[in-house]
Amino acid sequence: MSHPEGALPPRYLRTPEAARFLGLSHRTLEKHRTYGTGPVYRKIGGRVVYVLADLEAWAEQGRASSTSDPAHGRVPPAKRHAALSPAYRRPFAR
């Protein structure tokens, strides 16, 4: 199969490979995916895969030139955020 202008097809990485590319543990990347704070991913069959360009775009969100740069545009931590998941604001039933 020929690709226009000699471009290679997108390279898909599984979670462990994507995590190594980003310098994260695979569990951290899984948590980002669960909480909706991580890079865009695709489901092919039952497998989660990432495209290199999506990983690079997500990491680019954390770009800063000094520690005094404003916090907007930063990559959020891999944790549950009330604004992202309203269902988690309910108290536990006892």
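I began with the helix pair: helix 1 passes helix 3 in a right-handed crossing. A crossing counts as right-handed if the near helix is turned clockwise from the far one by less than a right angle, and left-handed if anticlockwise. Helices here are DSSP runs of H or I with at least four residues, strands are E runs of at least two, and both are numbered from the N terminus.

I noted that this is a predicted model, in which local features need pLDDT of at least 70 and side-chain atom pairs count only at pLDDT 80 or more, while totals for chains, interfaces and linings use all residues. Residues are numbered from 1 along each chain as its sequence is written, and side-chain values use heavy atoms, without hydrogens and water.

**Helix 1 and helix 3**

I looked up the angle. The two axes cross at roughly 40° and come within 11 Å. Axes are lines fitted to C-alpha atoms, for helices over the stretch in contact, with angles from 0 to 180 degrees between N-to-C directions. Helix 1 and helix 3 are therefore oblique to each other. Under 35 degrees is roughly parallel, over 145 roughly antiparallel, 65 to 115 roughly perpendicular, and the rest oblique. On the helix 1 side I found Ala-18, Phe-21 and Leu-22; they meet Leu-52, Leu-55, Glu-56, Trp-58 and Ala-59 in helix 3. Contact means heavy atoms within 4.5 Å.

I traced 3 strands in an open sheet, order 1-3-2, with antiparallel pairing. Strand 1 (12-13) and strand 2 (42-44) are at the edges with a single partner strand each, so one side of each has no neighbour in the sheet. Pairing requires at least two DSSP bridges. I found 2 bridges between strand 1 and strand 3 (residues 47-51). Leu-13 stands opposite Tyr-50 in strand 3. Helix 3 (residues 52-60) lies across strand 1, strand 2 and strand 3, at about 70° to strand 3.

**Core**

I listed the largest nonpolar core: Leu-13, Ala-18, Ala-19, Leu-29, Val-48, Tyr-50 and Leu-55, 7 residues in all.

**Pro-39**

I placed Pro-39 in the loop between helix 2 (26-35) and strand 2. Pro-39 is buried, at 7% relative accessible area. Buried means under 20%, exposed over 50%, partly exposed in between (1.4 Å probe, protein chains only). Pro-39 and Trp-58 are 19 residues apart in sequence, yet 5.3 Å apart in space, C-alpha to C-alpha.

How values were computed:
Core = buried A, V, L, I, M, F, W, Y, C linked by side-chain atoms within 4.5 Å.
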